[in-house]
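Work through the exercises below with the sequence and the model at hand. Each task is followed by a solution in steps.

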Amino acid sequence: MHDTVLASETRTVVSPGRIELGAGAVDTLGGHAARYGETALVVATEQIFEFHGDAVVDGLSAAGVDSVVYTDVRPDPTVENIESAHALYEREDCDLIVTLGGGSSIDTGKGVGILAANEGSIRDFGVDRAGYEGVPNPTPPLIAVNTTAGTGSEATRSVVVSDESTSTKFLIVSANVVPDVAIEDPELTQSLPKSHTAFTGIDALTHAIEAYVSVKSYSVPDGYAESAMERIARSLPVAWANGDNLDARADVMVGQLQAGQAFTNASVALVHGLARPLGAQLHIPHGLANGLILPYVVDFSAMAAPEKYAEIARILGVADAHAPTREAADAAADGILRLCADVDLTGYLDDFGEVPTREEYLDVVDEMTQDAIDSGSPDNNPRKPTREEIADLYVTIYDDALAPDGPRRS
């Protein structure tokens, strides 16, 4: 299934400088930090810091590294989060950044690093203004201690930031923000509630699928993506059902890391283009937004890359090796729906979303459509959507998956 990397082509494979993986991996933090600096800004949400902050601060202290702690990170990090954390970094004369948490903490830390090493406001570096690879200088040393199994941010060159002044999210993409060290300790994910196990796991599945079908895909990220899908499909329901199953937690953690490596080297596509505006408008977690959208985009796109979608269906267990390619490709969305149902994804909408009335939703469809187009992600999709098709997808998603009184496809 892999495309050939031609001898005449040059590819750059982006990855963290070092990855520490396995139970107890967090114990390596101090040694790495001591190689990079003397005072670390530790970036985390308040809740995650309560769970794991002492281990991080103590590990740094034992290695002779001082800590300054910022715990005001929002679930969807904002411009203000990054600016206030950067002000603390400068005020306390920090020289390295340690993030503790998932994508929100990591993206905040990356944003701090961008401002520490470059002139301008964080909004200036969005791809809609600066383009891809629009961060001139690399961040100060950045160590990402991962506590979730979904975003893959510890392996990527992406930063997603919420701009509350416009109710939008913007994307920054640069190899200059990839962490120097990623620490993947599955024991740190045992504190994840079932809801966030579901959100982050489906987020990782989406990363793998989008990277796999992207028009920028090639053999190396394809291999990451296939392995990621296999691991997530077999172990996410187990980890969701029993959060103390460390083997399942570890398998999903490796899968989400591979998914992050896949999409940072091959890009995301239409699902993410739709998900960022939807998440910003409805204030729902990114993984939940991805999972709501993914089956519809797969249905929409399967005809344009049938071999890839057929392989997805086989990996997800809804098509066998002997099924005709188009028949298997058409089944891929069913495999995604089944996995989402296994972890009760849409069951969390009432607790984690603000679903408007249909009339209110339709009022922002044009705005969301434009935001999706402006993100550039739809351009990477195997089937290129028109503006009208994007708007139609948003309406279908509302009627089929979001409507409070409608049939929620799950």
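This is a predicted model: local features need pLDDT of at least 70, side-chain atom pairs count only at pLDDT 80 or more; totals for chains, interfaces and linings use all residues.

**Exercise 1. A strand and its neighbours**

Solution. 
- Step 1. One partner pair here is Ala-40 and Leu-96, the latter in S4.
- Step 2. S4 spans residues 96–101, and six of its six residues are buried.

**Exercise 2. Cysteines**

Task: State how many disulfides the model contains, and classify Cys-94 and Cys-340 as buried or exposed.

Solution. 
- Step 1. A disulfide requires two cysteine sulfur atoms within 2.5 Å of each other. By this rule, the count is zero.
- Step 2. The cut-off for a buried residue is under 20% relative accessible area. Cys-94 has 7% relative accessibility, so Cys-94 is buried.
- Step 3. Cys-340 has a relative accessible area of 3% and is therefore buried.

**Exercise 3. The surroundings of Asp-251**

Task: Describe where Asp-251 lies and which residues Asp-251 touches.

Solution. 
- Step 1. Asp-251 belongs to helix H8, residues 246–266.
- Step 2. Its relative accessibility is 11%, so Asp-251 counts as buried.
- Step 3. Leaving aside residues up to four places away in sequence, Asp-251 touches Arg-231, Arg-234 and Ser-235.
- Step 4. With Ser-235 there is a polar contact between the side chains, at 2.6 Å.

**Exercise 4. Helix H11**

Task: Determine how many residues of H11 are buried and which helices they pack against.

Solution. 
- Step 1. Helix H11 runs over residues 306–315, and eight of its ten residues are buried.
- Step 2. Among the buried residues are Lys-308 and Glu-311, along with Tyr-309, Ile-312 and Ile-315.
- Step 3. The buried residues of H11 pack against H6 (194–213), H7 (219–241), H10 (286–301), H12 (325–330) and H13 (332–342).
- Step 4. After H11 comes Gly-317, with a positive phi near 80°.

**Exercise 5. Positive phi outside glycine**

Task: Locate Asp-93 and Asp-344 and give the phi and accessibility of Asp-93 and of Asp-344.

Solution. 
- Step 1. Most residues other than glycine have a negative phi.
- Step 2. Asp-93 is not a glycine, yet its phi is positive, near 55°. Asp-93 sits in the loop between helix H3 (79–91) and S4.
- Step 3. The relative accessible area of Asp-93 is 62%, so Asp-93 is exposed.
- Step 4. Asp-344, also not a glycine, has a positive phi of about 55°. Its loop connects H13 and helix H14 (349–352).
- Step 5. The relative accessible area of Asp-344 is 38%, so Asp-344 is partly exposed.

**Exercise 6. A helix crossing**

Task: Work out at what angle the axes of H6 and H9 cross and which residues make the contact.

Solution. 
- Step 1. The axes of H6 and H9 (residues 270–282) come within 9 Å and cross at roughly 140°.
- Step 2. Because angles must be over 145 degrees to count as roughly antiparallel, H6 is oblique to H9.
- Step 3. On H6 the contact involves Asp-203, Thr-206, His-207 and Glu-210, and on H9 it involves Leu-270, Val-271 and His-272.

How values were computed: Residues are numbered from 1 along each chain as its sequence is written. Side-chain values use heavy atoms; hydrogens and water are left out. Buried means under 20% relative accessible area, exposed over 50%, partly exposed in between (1.4 Å probe, protein chains only). Helices (H or I, at least four residues) and strands (E, at least two) are DSSP runs, numbered from the N terminus. Two strands pair if DSSP finds at least two bridges between them. A polar contact is a pair of N or O atoms within 3.5 Å; within protein, one must be able to donate a hydrogen and the other to accept it, and residues adjacent in sequence count only if both atoms are side-chain atoms. Contact means heavy atoms within 4.5 Å. Axes are lines fitted to C-alpha atoms, for helices over the stretch in contact, and angles run from 0 to 180 degrees between N-to-C directions. Angles under 35 degrees count as roughly parallel, over 145 as roughly antiparallel, 65 to 115 as roughly perpendicular and the rest as oblique.
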